[in-house]
Amino acid sequence: MKVSCSVLCVSGILILAAFMQPLTGQSTLPGPPPESPGRPPNSDGPPPESPGPERPNIIFLLTDDHRWDGLGAMGNSIIQTPNLDRLARRGLLFRNAYVTTAICAVSRASILSGQYMSRHSIRNFSSNFTQEALAKTYPLLLKKAGYTIGFAGKYGVGNEPPGELFDFWSCTEKGQPPYEYETGAGRTIHHTDSIGNDIREFLNEFAGRGGKPFCLSVSFKAPHELDGNPPTYPVQERFRHLYAETEIPLPETADPRYWNSFPDFFRTDKNIARKRWKALFSTPEQYQENVKNYYRLITGVDEVVGGLVQQLKDLGIDKNTVIIFMGDNGFYLGEHGLEGKWYGHEESIRVPLVIYDPRPGRKPGTPDLIALNIDIAPTILGIAGVPAPGTMQGKDLALMVETPRLRRNDFFYEHTFMGSPGIPKVEGVVSREIKYMNFIEHGYEELYDLRKDPKEKVNLAGDPRAQDMLQLMRTRYQELKKQAK
């Protein structure tokens with residue numbers, strides 16, 4: 001078993017190979033760092049097993065605070081993500097992917113378990129899965145089915161990460177890892193580059209071992225801010241001047257009147273999303289620099305993805321390895337006068353999602369359906385041919401793509417961490433057409449007609465003409481809330 005607490009445990013220096021190049025054409029992006037740390041080889045791994053029927057390898061990539069439009073493939077004409085864009089073109093790009101709770105720990109628990117927060121009960125940063133619940137997460141179910149399982153990066157659920165249960169484990173003990181690690185002799189490595197090394201090490205060690213398939217879960221810190229006063233976005237040196245000559249357009253809802261339209265309980269300097277907005281986006285200069293740094297961190301992730309794809313080719317396993325890419329929640333970049341996530345706007349709850357399956361018969365496309373983070377676990381199990389337990393509330397996305405009657409029309413949203421005044425608690429219903437949010441501590445409701453108002457500028461909850469719609473959404477909210485438990 002490979003277990004490493006963090007890159008702080010390592011020794012030695014490992015030269016990065018040419019696999020860090022993007023997938024297509026000549027890149028305008030800076031090259032990889034010359035040095036990064038390695039780890040001593042594993043000497044106590046499991047013995048080779050006899051070959052079995054070929055099952056697909058699975059790699060799940062998760063970024064942190066990555067909003068839905070932070071990809072070129074999602075229509076962003078500024079950000080450079082050539083490797084992820086290529087996976088999106090060759091796979092399934094879900095343009096309407098959401099999380100059921102927009103905060104890191106809760107969303108990650110939902111991804112692992114296939115459950116709403118109301119069922120898995122991970123509501124904060126210190127709660128752990130019970131042993132029974134952990135056994136029904138997708139990695140442990142795959143291990144039981146004969147898969148080699150690995151995890152690299154930020155596990156992010158609770159304070160007792162289950163590293164001893166994995167064949168490969170390279171995660172920091174900290175809930176929020178730093179971006180820079182000391183490697184010795186005055187050298188440092190960026191968290192994103194360290195994860196690139198973890199991926200390469202895992203594949204070199206476990207790919208094709210005894211014909212046994214693998215599932216590697218990879219969780220980047222990027223593009224999450226580095227918490228502090230003020231927060232910052234530490235980027236790799238080679239990306240520091242990327243986008244320097246570009247002007248990032250200010251979002252329409254950054255106009256102060258949208259912040260001023262919030263009720264008094266929300267419109268306060270104690271609101272954490274407003275505090276962080278002041279620190280990062282409150283001047284034109286801050287906005288330009290920090291949005292560019294956010295983009296730079298995402299481009300750094302894209303570079304790692306390019307290296308991963310090239311290594312799969314070099315190992316001859318690219319045609320039997322499924323890659324899934326997703327963000328753990330969205331992120332306000334100044335919209336509505338906010339920075340962060342937590343609340344129900346599209347910027348906060350909508351994320352990128354790509355499923356690249358190179359096996360024969362899998363067609364690319366942009367499915368017109370609502371996909372959720374709770375769908376990841378049953379989808380991964382479906383790819384592996386492993387039945388999903390009845391405790392999972394998500395759906396296999398491949399089945400939903402093929403079977404329209406299985407598709408959902410709406411979903412329940414819940415965020416109850418902390419509460420007012422720091423993060424007012426909110427629940428609601430999200431559909432493609434209508435959104436309803438209820439700030440449950442205050443009885444304040446929001447209602448948006450997304451068909452006419454996709455940027456959520458006009459709250460219709462108090463409009464006499466919208467009362468029938470409001471009552472329908474109130475009823476649906478109560479129905480979905482019961483079903484989520």
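## Strand 12 and its partners

Two strands count as paired if DSSP finds at least two bridges between them. Strand 4 (residues 57-63) and strand 12 clear that cut-off in this predicted model. They pair in the parallel sense, over seven bridges. Within this pairing, Ile59 has Ile323 of strand 12 as its bridge partner. Strand 12 also pairs with strand 16 (residues 353-356), over four bridges and in the antiparallel sense.

How many of the seven residues of strand 12 are buried? The count is seven of seven for residues 321-327, so the strand is largely enclosed by the rest of the structure. In a regular strand, side chains alternate between the two faces of the sheet. Both faces of strand 12 are covered. Thr321, Ile323, Phe325 and Gly327 are buried on one side. Val322, Ile324 and Met326 are buried on the other.

## Helix 6

Helix 6 covers residues 191-206. At 1.5 Å a residue, its 16 residues should span 22 Å. The end C-alpha atoms are 22 Å apart, which agrees. Of the 16 residues, 15 are buried, so helix 6 is largely enclosed by the rest of the structure. Just after the helix, Gly208 takes a positive phi of about 75°.

## Salt bridges across the sequence

Side chains of opposite charge can pair when their charged atoms come close. With a cut-off of 4 Å between side-chain nitrogen and carboxyl oxygen, the count comes to 29 salt bridges. One of them joins Glu346 and Lys435, with the closest N and O atoms 2.8 Å apart. Glu346 lies in helix 10 (residues 346-349) and Lys435 in strand 20 (residues 434-439), so the pair ties together parts that are 89 residues apart in sequence. Glu346 and Lys435 are both buried.

Arg432 and Asp368 form another salt bridge, at 2.7 Å from N to O. Arg432 sits in the loop between strand 19 (426-431) and strand 20, and Asp368 in the loop between strand 16 and strand 17 (371-372), so this pair ties together parts that are 64 residues apart in sequence. Is Arg432 buried or partly exposed? Arg432 counts as partly exposed because its relative accessibility is 33%, between the 20% and 50% cut-offs.

## A local pair and a network

In helix 13 (residues 467-483), Glu479 and Arg476 are three residues apart, so about one helical turn separates them. An α-helix has 3.6 residues a turn, so residues three or four places apart point the same way. The side chains of Glu479 and Arg476 meet in a salt bridge of 3.1 Å, N to O. Glu479 is partly exposed, with a relative accessible area of 37%. Arg476 is partly exposed as well, at 25%.

Salt bridges can also share partners. Asp64, Arg108, Lys154 and Asp328 are joined in this way into one network.

## Confidence

The protein chain averages a pLDDT of 90. A score of at least 70 is reached by 89% of the residues. Over residues 4-28, however, pLDDT is below 50. This stretch has 68 contacts in the model beyond near neighbours in sequence. Residues 34-53 also stay under 50. For residues 34-53 the model has 45 contacts beyond four places in sequence. Where pLDDT is low, the predicted coordinates should not be read in detail.

Note on methods: Residues are numbered from 1 along each chain as its sequence is written. This is a predicted model: local features need pLDDT of at least 70, side-chain atom pairs count only at pLDDT 80 or more; totals for chains, interfaces and linings use all residues. Side-chain values use heavy atoms; hydrogens and water are left out. Buried means under 20% relative accessible area, exposed over 50%, partly exposed in between (1.4 Å probe, protein chains only). Helices (H or I, at least four residues) and strands (E, at least two) are DSSP runs, numbered from the N terminus. The expected span of a helix is 1.5 Å times one less than its number of residues. pLDDT is the predictor's confidence in each residue, from 0 to 100. Contact means heavy atoms within 4.5 Å.
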